[in-house]
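I opened a new model today and wanted to see how its parts sit together. My notes follow the display.

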Amino acid sequence: MKFRNIEALHSFVVLQNLHECGKLGFVIAKNRRKIENELKEYIEAKNALLVKYGVRSDDDPNQYLIPAENEKEYLKDSAELDDIECDISVVYIDSDAFCSGTLTSDDMYILDWMVKEAEE
């Protein structure tokens, strides 16, 4: 399945915060691992932009703040990375199993790509 990097990241954030069991939990775990592996270079590149354009926070040396004079270039470069497509071999699940867990409607909206529609 094709994702833009930013879409894959949003899906990953939702997947890592879910605690499902059974078939749904298995599919979530598999997709989480596949997306996480695909995002490694993207996250490294985003962090490199923070170092390039940002300054270390006085309060937390692990946090970078983007000064106003660098914001335009940072956002431009960041958006370019966000829009790069990645192709991830995801695991699909039928709609009954997808709806069998405790996913919220927001989770379902973001993860609807996992549902394999029944063939008629």
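**Notes on burial and helix packing**

I began with Asn 5, which counts as buried because its relative accessibility is 7%, under the 20% cut-off. I kept in mind that this is a predicted model. I placed Asn 5 in helix 1, which covers residues 5-16.

Next I looked up what Asn 5 touches, leaving aside neighbours within four places in sequence. I found contacts with Leu 39, Tyr 42, Leu 81, Asp 82, Ile 84 and Cys 86.

Then I turned to helix 2 (residues 22-53) and helix 3 (residues 68-82). I read a packing angle of about 170 degrees, with the axes 10 Å apart. That angle is over 145 degrees, so I wrote down helix 2 as roughly antiparallel to helix 3.

Which residues make the contact between helix 2 and helix 3? From helix 2 I listed Tyr 42, Ala 45, Lys 46, Leu 49, Leu 50, Lys 52 and Tyr 53. From helix 3 I listed Asn 70, Glu 73, Tyr 74, Asp 77, Ser 78, Leu 81 and Asp 82. By class, I noted seven nonpolar, two polar and five charged residues in this contact.

Is Ser 78 buried or exposed? Its relative accessible area is 6%, so I marked Ser 78 as buried. Leaving aside neighbours within four places in sequence, I found Ser 78 in contact with Lys 46 and Leu 49. Both Lys 46 and Leu 49 are on my list for helix 2.

Notes: Residues numbered from 1 in each chain as written. Predicted model: local features only at pLDDT ≥ 70, side-chain atom pairs only at ≥ 80, totals over all residues. Heavy atoms only, no water. Axes fitted to C-alpha atoms, helices over the stretch in contact; angles between N-to-C directions. Helix = DSSP H or I, 4+ residues; strand = E, 2+ residues; numbered from the N terminus. Parallel < 35°, antiparallel > 145°, perpendicular 65-115°, else oblique. Contact = heavy atoms within 4.5 Å. Nonpolar A, V, L, I, M, F, W, Y, C, P; charged D, E, K, R; others polar. Buried < 20%, exposed > 50% of the residue type's maximum accessible area, 1.4 Å probe, protein only.
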